[in-house]
Protein chains: 2
Amino acid sequence: MARAPRHGPYTCGIDAALDVVSGKWKGFILWELEVHGVRRFAELRRGMPGVSEKMLTQHLREMEEDGLVHREVHAEVPPRVEYSLTEHGRTLNQALGPLGAWGGERMRREGLEVATAEIPQG
Amino acid sequence: MARAPRHGPYTCGIDAALDVVSGKWKGFILWELEVHGVRRFAELRRGMPGVSEKMLTQHLREMEEDGLVHREVHAEVPPRVEYSLTEHGRTLNQALGPLGAWGGERMRREGLEVATAEIPQG
DNA sequence: CTGTATCCCTGGCGATACTG
DNA sequence: CAGTATCGCCAGGGATACAG
C-alpha cells in the first residue's frame, strides 16, 4: 500500500495538493509528461538519471492511483507501456505553474544550480 | 545545519519551490502568517495541535533561512518573539494560491476529511 | 522492455527533559 | 515564554537481484 498514512485529514488545500506531489521525482514526471505528452517507462527513466526502477514504478503507481497519470499497456512483445497525463493531471500542472515560476525566480536570485538531466554525476 | 543535502541542484522551478515548502507544517505556518499577519511562537503552537516545539522551531528557522519568514525578537521579560511573512514569503503564498484551490477541489471530489485544528485526536 | 522482491540506510519527525 | 539537547521510531528512498 502506497503512502497509506497520508491521504489523511488535511489542514487545507495546500496540504491536499502537496500530498499528491510529494515524492522525489513527481514534479519531474509531471513536467516530462506535460512537455512530451506521452512517454514510455524507459524514456522517463532516461530523463531522470539517478532514479531507480523501484522508485519510478512506485511514483507512477501512486500518481495513477491519485488520478493524475494514465497508464496504457500494449499487449505486445516486447511489452510497451505508455504514460500520459489525465485531464486531472493537466489541471494540476496548471495550478503548479505559478509555483514553478516562483521557484525559477528563487533559483535565479540565489544562484542555485540546475541539475542537467544528461549528466548522472559521474 | 538544516536540510543540508537539499538546496541541491534542481531539475526545475517546481523542485526549487517544493524544497522550500516541504515539511509537515510549513504550509500551515505560511497560512497562519498570511491570515494573522504577525504571530508569536506560542500562538502558532496553539494553532497546530500535535506539533512539537522542536519541529516548530526547526521549520521556522529553515523558513527564516530561506527568506520566507521574518523573526523579530523583543528584548523583554518574559521574552517575546514575533513571526511574520517577508515580501518573499508573501509572493510564495500567492504562487501557492492556485495549488491550494486545486487541492481544495481534490478534497471535495474525493470526499477527503479536513483536520480540525482544535481536536488533537484525543 | 517493464516491472517485482528484498535488504538496508538515511533523515524527517515525535517525545521528553532541560535552560535563559 | 521561547526555545535547546537527546533519543529513538519509521517511512521514503537507494541498490541489487530476480521475473514475465
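**Reading an interface and a helix**

Author: In this predicted model, there are zero salt bridges between chain B and chain A.

Reader: How many residue pairs are in polar contact between chain B and chain A?

Author: Seven residue pairs, with both residues at pLDDT 80 or more. Helices H1 (13–21), H2 and H5 (87–110) of chain B each supply at least two residues to the side that touches chain A. From H5(B) comes the largest share of that side, 15 residues.

Reader: What area do chain B and chain A bury between them, and how much of it is on carbon and sulfur atoms?

Author: Buried area is what two parts lose in accessible area on being put together, summed over both. Here the two chains bury about 3400 Å², 71% of it on carbon and sulfur atoms. Leu99(B), Trp102(B) and Arg106(B) supply 20% of the area that chain B buries against chain A, more than any other three residues. The contact involves 37 residues from chain B and 37 residues from chain A.

Reader: Turning to helix H4 of chain B, which of its residues are buried?

Author: A residue is taken as buried when its relative accessible area is under 20%. In H4(B) these are Leu56(B), His59(B), Leu60(B), Glu62(B) and Met63(B). They lie on the same side of H4(B) because they cover an arc of only 165° around the axis. The face turned away from that buried side carries the exposed residues Lys54(B) and Glu65(B).

Reader: What do the buried residues of H4(B) pack against?

Author: Within chain B, they pack against helices H2 (26–36) and H3 (41–47) and strands E2 (69–74) and E3 (80–85).

Technical notes
Residues are numbered from 1 along each chain as its sequence is written. Chains are lettered from A and ligands numbered from 1 in the order in which they are written. This is a predicted model: local features need pLDDT of at least 70, side-chain atom pairs count only at pLDDT 80 or more; totals for chains, interfaces and linings use all residues. Side-chain values use heavy atoms; hydrogens and water are left out. Buried means under 20% relative accessible area, exposed over 50%, partly exposed in between (1.4 Å probe, protein chains only). Helices (H or I, at least four residues) and strands (E, at least two) are DSSP runs, numbered from the N terminus. The arc is that of the directions from the helix axis to the C-beta atoms. Contact means heavy atoms within 4.5 Å. Buried area is the accessible area (1.4 Å probe) that two parts lose on being put together, summed over both. A salt bridge is a side-chain nitrogen of Lys or Arg within 4 Å of a carboxyl oxygen of Asp or Glu. A polar contact is a pair of N or O atoms within 3.5 Å; within protein, one must be able to donate a hydrogen and the other to accept it, and residues adjacent in sequence count only if both atoms are side-chain atoms.
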